[in-house]
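Please look over the sequence and the structure shown here, and then follow the report below, which takes up one part of the structure under each heading.

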There are 2 protein chains.
Amino acid sequence: MDLLNSSEEMAAWAKAEGLKGHRIGFVPTMGFLHTGHVSLMERLRPRVDRLVVSIYVNPLQFGPNEDLDRYPRDPEGDSKKCRDAGVDALFMPPELYPDGFSTAVTVDRLTDGLCGASRPGHLDGVTTVVARLLNLVRCDEACFGEKDFQQLMVIRRMVRDLAIPVQIVPGPLVRDADGLALSSRNKYLSTADRAKGLTLHRALFAMREAEAAGEKRARVLLAIGQASLDVDVLDYLELVDAETLTAIEHVDRPARALVAAKVGNTRLIDNVAIGPELSWT
Amino acid sequence: MDLLNSSEEMAAWAKAEGLKGHRIGFVPTMGFLHTGHVSLMERLRPRVDRLVVSIYVNPLQFGPNEDLDRYPRDPEGDSKKCRDAGVDALFMPPELYPDGFSTAVTVDRLTDGLCGASRPGHLDGVTTVVARLLNLVRCDEACFGEKDFQQLMVIRRMVRDLAIPVQIVPGPLVRDADGLALSSRNKYLSTADRAKGLTLHRALFAMREAEAAGEKRARVLLAIGQASLDVDVLDYLELVDAETLTAIEHVDRPARALVAAKVGNTRLIDNVAIGPELSWT
């Protein structure tokens, strides 16, 4: 596995691989890798000739009162997980942006609600860093997890709009045995916090089951979800059109139920598909 | 010369040429081509295997009260000029953006002053369209004229910041025999307007000559420029650091004098280098 520590090294590596005619797959991460990240690598591995993972805790996507400084890090463990997953190059730059950096890539509408509303600037930070990373890695395919469903849809929109020559591949959300969606932030959770955290997926799956049983009214489905939640601060519980991310009244198209909440000091998110399947193009 | 009429055709053409190992050069334009545009094509032609020109009047870079609807067009004349200049592919899409387009690429600081101040949103429209075009054309080199000096510097900044794998090549400003900077908008000018328009370059060259003769004080140089100007509405006459585009007090580094003014209903711009030469990296 090649270790690449600067944008210049990454770009040179990608250019050389491209000249060899190799198809490149890419999984961008903020490190502290877990089974969810590894599942994204496994998803791309058979589809490409070379697999690249990046680890960069991107300051642009953290708000002033968020957990940038205490975001968990484990470069050695991450490196071993990448090696075991058959990664060809690990891009782990101490700094990613050039001197005088002053560009932003933003997507409107899709970013208006959900995490876009509760974490101002967060998704702008994501699209900006992903645009730079996709260009550095010159990948043919990049995999993003459905755990961050709004982020996934926003990145897909950006890639289409800017005609970035990459295919965005969604990676299914991975859960622990108890149902909690995997997240690097789960390490913050006390046992009591975790018990509350488990109510997120219970609420979502209760909505999903009720819909499958015939209940199509969003109002009723949301009440069912609400009744299952036990969290310290609920950020949002929403049922939206899976394409536009705007609220729906009835589940008459591919939809998504999404939740974000704080338990203790930790913000958790989760989501499930509801209704007809979303066609991914 | 291949005629490409959609983003899909452009992307497929570029991909095929890339697979052949061809280096691609690109000159994006809004059409109504003049000798200035052709000089950009001539500059790239010997440097690349395939030369692409795009013609697209980009609505995103026009303000609500600007001349989008009356922007001059001449697709047949343009096509002939491209053919004569040895262009391999002319990309002339009726529509450039996909349905639901909602992405913007913005550069801050460099866009604060000059045309960025007087044409709000204009440079954001430029960076957004150029990002999409560079990705569609997958070019190795792209040429932008120094006539739009702020635009050139903003695009160079964007390309660095987003790591777009393209070299930005500046093309020298081209003037008519009487000194007027070439512009598609010059066709709007009456004889009287044109006489006023000629005072733009006279002012700039007066500043340049005074600096070369030893006058380094920006205040004095600007007064010299002002004294030469005869326009209907002066938008700005500025002397700035050529890298940062911020005002300077003394010409002690590569600098640029820039002017924008209205004569009649037509907005004209011009600029000249002053002081030490700017190193282009």
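In strand 9 of chain A, A:Ala255 is the bridge partner of A:Asp241. Two strands are said to pair if DSSP finds at least two bridges between them, while the strands themselves (E, at least two residues) and the helices (H or I, at least four residues) are DSSP runs, numbered from the N terminus. This is a predicted model, in which local features need pLDDT of at least 70 and side-chain atom pairs count only at pLDDT 80 or more, whereas totals for chains, interfaces and linings use all residues. Residues are numbered from 1 along each chain as its sequence is written, and chains are lettered from A, with ligands numbered from 1, in the order in which they are written.

The sheet is open and has three strands in the order 8-9-10 (chain A), with antiparallel pairing. Strand 8 and strand 10 of chain A stand at the edges and each have a single partner strand, so one side of each is left without a neighbour in the sheet. From one strand to the next, the twist averages 10°, where axes are lines fitted to C-alpha atoms, for helices over the stretch in contact, and angles run from 0 to 180 degrees between N-to-C directions.

## Helices packed on the sheet

Two residues are in contact if their C-beta atoms, placed from the backbone, lie within 7 Å. Helix 7 (residues 191-212) of chain A packs on the sheet and touches strand 8, strand 9 and strand 10 of chain A, and its direction makes about 15° with that of strand 10 of chain A. Helix 8 (residues 218-228) of chain A also packs on the sheet, touching strand 8 and strand 9 of chain A, and its direction makes about 150° with that of strand 8 of chain A.

## Strand 9 and its two partners

Strand 9 (residues 255-263) of chain A is mostly covered, since eight of its nine residues are buried; a residue is buried if 20 or more other C-beta atoms lie within 10 Å of its own, exposed if 12 or fewer, and partly exposed in between, with C-beta atoms placed from the backbone. With strand 8 (residues 233-241) of chain A, strand 9 of chain A pairs in the antiparallel sense over eight bridges, and A:Leu239 stands opposite A:Ala257.

Strand 9 of chain A is also joined by nine bridges to strand 10 (residues 266-274) of chain A, and these two strands run antiparallel. Here A:Val263 stands opposite A:Thr266, and in the hairpin of the two strands, which has two residues between them, A:Gly264 takes a positive phi near 60°.

## Where chain A meets chain B

How many residues of chain B are in contact with chain A? There are 26 residues of chain B in contact with 26 residues of chain A. The largest share of the side of chain B that touches chain A, five residues, comes from strand 5 of chain B. By class, this side of chain B has 14 nonpolar, five polar and seven charged residues, where Ala, Val, Leu, Ile, Met, Phe, Trp, Tyr, Cys and Pro count as nonpolar, Asp, Glu, Lys and Arg as charged, and the others, Gly among them, as polar.

Five bridges join strand 5 (residues 103-107) of chain A to strand 5 of chain B, and the two strands run antiparallel. In this pairing, A:Ala104 stands opposite B:Thr106.
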